[in-house]
Structures are given as C-alpha cells and as structure tokens.
Amino acid sequence: MKKNYSIIGVILLSLLLAGCAGTQSRNTDPENDPWEGYNRKVFAFNNGLDKVVRPIAVGYDKIMPDPFQRGVGNFFRNLDAPVTYVNQVLQGKFKESVSTIGRFLVNSTVGILGFFDVATKWGMPYYNEDLGQTLATWGYDNSRYLMIPFFGPSTFRDGTGRLADSFYHPVGWAIHNKGRWGYFIVRGIDTRARYLDQDAELNDAYDPYVLMRDVWMQNRTYQIYDGDPPMLDYDLYLEDDPEAEEPATTGGQ
Amino acid sequence: MKVRILLLLAVASIFSGGLFAQTQAADPVSLVEDITGKIFTDVTENLEEYTANPETLDELVRRDLMPLLDIKYAARLILGRAGRGLGKEKIDEFADCMSNLLISRYSKGLLYFSSEIKLNVLPQRGDLNEKLTRVRTRVTLPEGGEAPVDYAFHKTPEGWKAFDVVFEGISYVTTYRNQIMPEVQANGIDSVIERLNSGQMQLAE
C-alpha cells in the first residue's frame, strides 16, 4: 500500500496550492494556460524547493568529473528505453522500436549498465517517446499547461501520461513497488545540474514563469513531432491587432 | 603608388560587389553553409586571438553574419501589437539593440564551442517559390550528440534573409516576443531598450 503515498502526496499538495490560487488575476495565455493562477503558485513552490536542490546540484556538478556526469545521464536515459519502446509500438513506429530494443540490450551489456552509449556509435539512434506524446499523436494534441509540484512544467495530458508510464519505468517501479527513492533523487539532482547554465537567463527574464512555460511548451511540441514540427505562422505575429484580441481574452476566463 | 592603391580599392569593390550579387541569388541552404562555414573556419584558426579579445570576434560576427539576417523584421515580429504607434526610429533603435544582443550571444556561443564546432546543413525541402522557408542544421556538440538548430528565412528585395533561430524547437522570436511585448506594454519601449542594453553590458564583462 506504501506505493500510493507518493502520488497521493503530490495530488494533495496540488489541491492545497490550488486552494490559495484565488487571488491571482493575471492571465497571459488563456488558451493554453487557463490554470495560470494555480500554476504560478506551484512555480513559486518549486522555486522555494530549488533553494535546497540547487546547491546540491551545484556541488554534484563540481565534484563529478564531466565523463562521469555524462555516464550518469546515459544510465538514466537507458532506463527510459522500456517506456520509449512501448510508446513507439503504440504509435506504430515499429522500425524505431526495434532500434530501441537493440540500444537497450547493447548499452545495458557492452555499455556497462547504460553508462556508455555504445549503441549510438553502432548506428542505433536514440529516440524518446512517452504516453503524453502517444496521446498527442492520437489526436489529443492540445492540452492545458500544468505545473506539477516537484516535477515542474507539464500539461494535463503529459502529467497523466507520466504517471501511467511510471508504473513500468524502472525508476518509477522501484518507487511504487519497493519504496526506493534513491534512483529518483539522483536522477533529479543530475537533471537539475544540467539546467544550471540556464539559471541566469531565467532569473533575468521579465517574467520567468512565462519564459519557462514558453521554452517547455515549444520543446514539447518539437518532441511530439519527432524534431520536425510545422513552421510557425509568423504572419500572425504581425497581424496582431488589439481589436481581434479582446474577445479571445474575455472568452477564456 | 597612390594610383595603384586606388586601383586596388576599385578592383576590391568590384569584387565585393560581385560577391554581393552572388549572395543575392543564393538559396538559403548555401547561404547558411557559406557564411557559417566562413565564420567557423575563422574562429578555429584564430581562436587564441578571439579568446583574448572577444570584441574582435563581435566585429567578425557583425561583419559576416549580420548581412544574412533581417533583424528589423524580427524586431517587428517580437514587438507585435506593442510596436503599434511607435515611430520608425524607435523600432530601429530596438532592432539595433536586438542585433547587439544577438552578436554578443553568438560570439559567446562560438567561443564556448570553440574548435570542436561542426555544422551539418540538411538539404532543402519543399520549393523555394514560397516566401518562407526553413534551413535545418545540426551542430555537433563538444560532449557528443547533436543540437538541432533551424533558421527561418524569408524572401526580401535583397534576397533570402534569416529572421528567426529555432534551437530544439524553441524559437527566439516567439520566446523574446512573449517576454518583450508585455514588458513594452507595461513599462514603455525606452525602459526596455535601456534594460536590454544594460544587460548586454553586464554580459560583456
């Protein structure tokens, strides 16, 4: 029964934060982010958490020599293979799914538990799929932005997908079935360390919340389209006149 | 002696004029290949000098990369509805500010990736009769792996020019727009230009 506590914890915390969201009036993107008030609370909560996590990530980044850090990154990336495989099959990407099995076998053995990415050198490219992307290719292509406590930017679709994927992801499996959080914590620190270079940029932004949302949403679209999203409609940026904008704003609230 | 120098200058200007005409006709893919290839070679060969004097690298980028870009168009896209009612000079001032920011960032990126930089320009897709196109490139990272960097081009009277850079799906124009448009609306264009200029000075130190 232990396994459900973590999920219940995150959901309870989300509800708690939603409870204090009432005073927030700003809405910068009613279409994609109707829960902005709540999301900003979670963003602030995660930033508070980062006061503890960041120094650990900085220390880790200093202590770990680059090749080791790359190895840890490879190790966790290799553990994503089962989730990628299942979702490639669900999306009908059979050829790619064979490559994912090949990669997992090669990197787990020759690549010593995944620390070395031998498979890429052997011509088996890395793919990344998850249930959120599968649902998007099945037609659930617009989902509202959702900040999740501890995990950060997501959408309702991708957060739900992530939860479902976690039941057969090795790191999630260790938590759900064995109550082992070690891998999850190390992965969190390793991931945080990767984003240290971007901290200054985020902190100097006019609206850090919007910057994080923008970057995450655009990159997510890019993943869903496997690196080949349709070109942006730049003309829309020029034709942006104030009269056309008003009904959209009122309609979204 | 003076005549020879003048003659040399004249020849040089004809030559560069010829190059310019060639650039005009060039398709976006060859533009990216030629210009970035030239810049990368220069940086690789003179890395020590550029590391010691980053300003000289800024100059190189300004001279070689800027003619490829349509910063004024990018500035208009970024300002969006916040650009309405602003005078042409203000928009130009903002565009200059964006150029400086971009040059300083690009130079920093060049030094960061230094000698290991490798660029692979993917072949053109679709036909060039459209007014918009995308050039897709892959930059090989020093730590292994590739970073996808795309350039959005549009047709101008002076030929194809890039106006957006898209890194792993993240468009500079979109991202800047969503920061700068509300900031201009809240604080005014002058305050934004001032802030961007001061930020750039900080970065240069």
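Tutor: Gladly! Let's begin with B:Thr156, which touches B:Asp70 and B:Lys161, leaving aside residues up to four places away in sequence. A note on the source: this is a predicted model, where local features need pLDDT of at least 70 and side-chain atom pairs count only at pLDDT 80 or more, while totals for chains, interfaces and linings use all residues. Residues are numbered from 1 along each chain as its sequence is written, with chains lettered from A and ligands numbered from 1 in the order in which they are written.

Student: What makes B:Asp70 and B:Lys161 residues that B:Thr156 touches?

Tutor: Two residues are in contact if their C-beta atoms, placed from the backbone, lie within 7 Å. B:Asp70 and B:Lys161 meet that test with B:Thr156.

Student: Why is B:Thr156 called partly exposed?

Tutor: Buried means 20 or more other C-beta atoms within 10 Å of a residue's own, exposed means 12 or fewer, and partly exposed is in between. B:Thr156 has 14 within 10 Å, so it is partly exposed. This residue is found in strand β3 of chain B (strands are DSSP runs of E, at least two residues, and helices runs of H or I, at least four, numbered from the N terminus).

Student: How do you know that β1(B) and β2(B) pair?

Tutor: Pairing takes at least two bridges found by DSSP. Four bridges join β1(B) to β2 (residues 132-140) of chain B, so the two strands pair, and they run antiparallel. B:Lys118 stands opposite B:Thr140 in β2(B).

Student: Why do β1 and β5 of chain B stand at the edges?

Tutor: The open sheet has the order β1-β2-β3-β4-β5 (chain B), with antiparallel pairing. β1 (118-121) and β5 (170-171) each have a single partner strand, so one side of each is left without a neighbour in the sheet.

Student: Over in chain A, what makes the span of helix α2 close to the expected one?

Tutor: The expected span is 1.5 Å times one less than the number of residues. α2 (residues 36-63) of chain A has 28 residues and reaches 38 Å from its first C-alpha to its last, close to the expected 40 Å.

Student: And where does α2(A) bend?

Tutor: At A:Lys51, by about 45°, with A:Pro55 following within four residues. The bend is the angle between axes fitted to the seven residues ending there and the seven starting there. Among the buried residues of α2(A) are A:Val42, A:Phe43 and A:Ala57.
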